[in-house]
Structure formats: structure tokens, C-alpha cells
Amino acid sequence: MRTQIGEGEQIMVKLWVLRGLKKGILTSKYPNKAPTEEEIPIKAIPPAATDSSDWEEGQKICPTGAIETEAGRKAGRIHTGKCIYCQRCSVAGFEFSNTANSNSLQANFATDVGGRLSNAEVLKRYESNWKTFKKSFHILMIDVGSCNSCNLEVLNLSNPYYDLNRLGIFLTNSPKHADALIVVGALNKAMFDILKRTYESIPNPKLVIAVGACPISGGVFQGTESFVSPVRDIIPVDVDIPGCPPSPIQILQGLLIAMGTMKPSYSDDPSTKPGTSTMSTRKEEAIV
Ligand code: SF4
Ligand code: SF4
């Protein structure tokens with residue numbers, strides 16, 4: 001049956017088309033261009049230590065134990081996988097940038113807590129993941145006890161602005177079709193078996209990506225009665241995406257690292273901070 005549309009509706013459709021043509025393509029330019037300030041909200045940028053940072057005071061204030069130091073020491077490290085970006089430590093001299101910078105992108109290949117990978121190991125994972133997943137990368141999300149914010153940010157990636165599919169990444173609801181399991185939330189007792197069964201249902205080769213402080217460390221839920229443990233203690237995690245919640249661009253960065261499109265730059269020098277250096281994409285390397 002044909003439906004007639006009225007004159008008013010026809011005008012609306014024409015205006016809608018004209019508006020679209022005038023505005024042009026609004027899809028994010030990331031990863032071909034660096035993220036804009038709007039794409040990395042201030043609340044998604046981790047703290048940075050300065051010469052005037054009081055580490056011991058910061059350690060006392062931090063609600064999740066993200067500031068790690070020893071008594072009497074004037075230095076330490078900020079564990080971004082534990083940080084919930086609450087900004088409390090600003091009173092102890094830790095700084096928060098209000099613009100996106102290389103520090104805003106924090107996703108990395110997962111290591112043991114406090115560990116770091118050698119350049120050779122990074123290169124090995126980068127090449128082998130690319131060989132396996134370059135044609136398409138299907139991701140399945142499981143919520144093991146979240147506040148729902150990380151889920152929303154992951155799902156945002158499928159809207160026209162982020163347009164996940166343009167990069168060969170697709171959301172799926174079936175473990176049988178998945179290449180990677182995205183875990184959001186702090187693992188609680190009720191989800192323990194479900195997480196393990198879901199992981200086992202995904203065929204090899206497969207990856208696990210922890211999105212947000214909750215699966216990486218427990219975040220604000222660590223030490224609560226139903227909290228089990230960081231997800232890495234139950235199933236092997238390949239990529240960590242810190243944040244509470246991470247912004248969609250930060251999640252996208254982690255997915256690109258996981259599938260081997262983007263190489264995080266690591267250093268064997270223990271005096272440098274892991275994960276804060278610049279990243280390169282395969283396209284950039286081809287241009288070089
Ligand atoms: S922002 Fe909050 S959670 Fe993060 S280091 Fe500072 S006090 Fe700790
Ligand atoms: S990491 Fe933060 S935003 Fe994400 S589920 Fe946990 S509490 Fe919520």
C-alpha cells in the first residue's frame with residue numbers, strides 16, 4: 001500500500017536533506033586526526049603529578065588507592081586503572097588538565113599490575129592481532145556489575161558520530177560470533193560463573209578488553225561484600241581501558257589497540273610512564 005505524504009511533510013523532508021548537505025559529514029575524524037577537546041571531556045582526563053604534589057597526602061585522600069607511594073617518599077605513581085577521576089587529589093597538588101592531550105588516551109595492552117611490556121612484546125602482539133582481526137572485529141559486551149555508565153559509553157560507539165563500523169568493528173550479541181569480550185563493571189559473586197561461561201563460549205582466538213576502573217581494579221566497589229576480584233584474576237585480560245567511565249574515543253582507542261590497528265608506544269626505560277607516549281596507526285606508518 002502506498003502512503004501519500006502531505007505538502008508540509010515534503011517541505012520538511014527537503015529541509016532535512018538541505019540541512020544535512022549544509023552540515024556535511026559530522027562523523028568523528030579519530031583516529032585519522034587527534035581527538036578534539038569536545039571528544040575528551042575534562043572528567044575523562046587523569047591527574048598528573050607535579051613538583052608540588054604531596055604524595056602522602058594524596059594517598060590518604062584518594063578513595064580507591066590509585067595514588068601509590070611509600071612513607072617519606074616524594075614520588076610514586078598514579079595507577080590509572082584504579083583512578084575514578086574524582087579530582088579529590090587536586091587539594092594535594094595533583095593537576096588536572098582541561099584540554100585533551102596525549103595523557104588523555106590511556107588504553108594499553110594489559111600487564112600484571114605495575115608491570116610493563118617490552119617494545120618487542122608490544123610489536124609481537126600488534127602484528128599477531130592485526131593478522132587475525134584486520135578484516136573484521138566483532139565485540140560482545142558483558143556487564144558483571146556496573147553502574148551502567150560504561151555500558152552507555154560503549155554503546156555510544158555505534159551511533160553515527162563515532163560510527164564504529166567504518167573501522168571494521170561490529171557489536172554482536174552472540175559469543176559464537178565474537179572475537180573479543182568487553183567486560184564492564186566490578187565482578188560480583190552472582191556474575192562469576194556467567195563471566196567464565198561466556199568467555200569459554202567464545203571460540204579461539206579471542207581477546208578480553210576491560211573497560212573502566214571496575215573490571216581493572218574494582219574501582220569504587222573494591223572491598224565491598226559482593227565484589228569478587230579484578231577480572232584479570234579470573235580470565236586473561238588483553239587490553240585495559242581506564243576511566244570511570246572512559247569516553248567513547250578512549251574506548252575506541254582501546255579497541256584499535258586490541259585489533260592491531262593502533263600501536264601503543266612503549267619504552268623499556270622504567271623511568272618513563274607507560275601508556276602516556278604517542279600512538280601510531282597503521283595508516284600513519286604507511287605514510288612514513
Ligand atoms: S582523581 Fe580521585 S581516584 Fe584519581 S587519583 Fe585523584 S583522588 Fe584518586
Ligand atoms: S568504572 Fe565507573 S562508570 Fe564504569 S561501571 Fe564502574 S563505577 Fe560505573
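Predicted model: local features only at pLDDT ≥ 70, side-chain atom pairs only at ≥ 80, totals over all residues.
Two strands count as paired here if DSSP finds at least two bridges between them.

I'll start with strand β6, residues 180–184. Its pairing with strand β7, residues 207–211, is parallel and has five bridges. Within that pair, isoleucine 182 has isoleucine 209 of β7 as its bridge partner. To get from β6 to β7 the chain goes through helix α5, residues 192–201, in a right-handed β-α-β crossover.

How enclosed is β6, and why? Five of its five residues are buried, so the rest of the structure largely encloses the strand. Ala180, Ile182 and Val184 point one way, Leu181 and Val183 the other, and all are buried.

β6 is also joined to β4, again in parallel, by five bridges. Valine 183 of β6 sits opposite isoleucine 142, and valine 184 of β6 is the bridge partner of aspartate 143.

Now β4 itself, residues 137–143: five of its seven residues are buried, so this strand too is largely enclosed by the rest of the structure. β4 pairs with strand β5, residues 169–171, through three bridges in the parallel sense. Phenylalanine 137 is opposite isoleucine 169 of β5.

Last, ligand 2. Which residues are closest to it? Of the 13 that surround ligand 2, the closest are Ser146, Cys147, Gly212, Cys214 and Cys244. Helices α4 and α6, the latter 213–217, each contribute at least two residues to the shell. By class, the shell has eight nonpolar residues, five polar and no charged.

Technical notes: Residues numbered from 1 in each chain as written. Chains lettered and ligands numbered in written order. Buried ≥ 20, exposed ≤ 12 C-beta atoms within 10 Å, placed from the backbone. Helix = DSSP H or I, 4+ residues; strand = E, 2+ residues; numbered from the N terminus. Near = placed C-beta within 6 Å. Nonpolar A, V, L, I, M, F, W, Y, C, P; charged D, E, K, R; others polar. Right-handed = clockwise from strand over helix to strand, strands pointing away.
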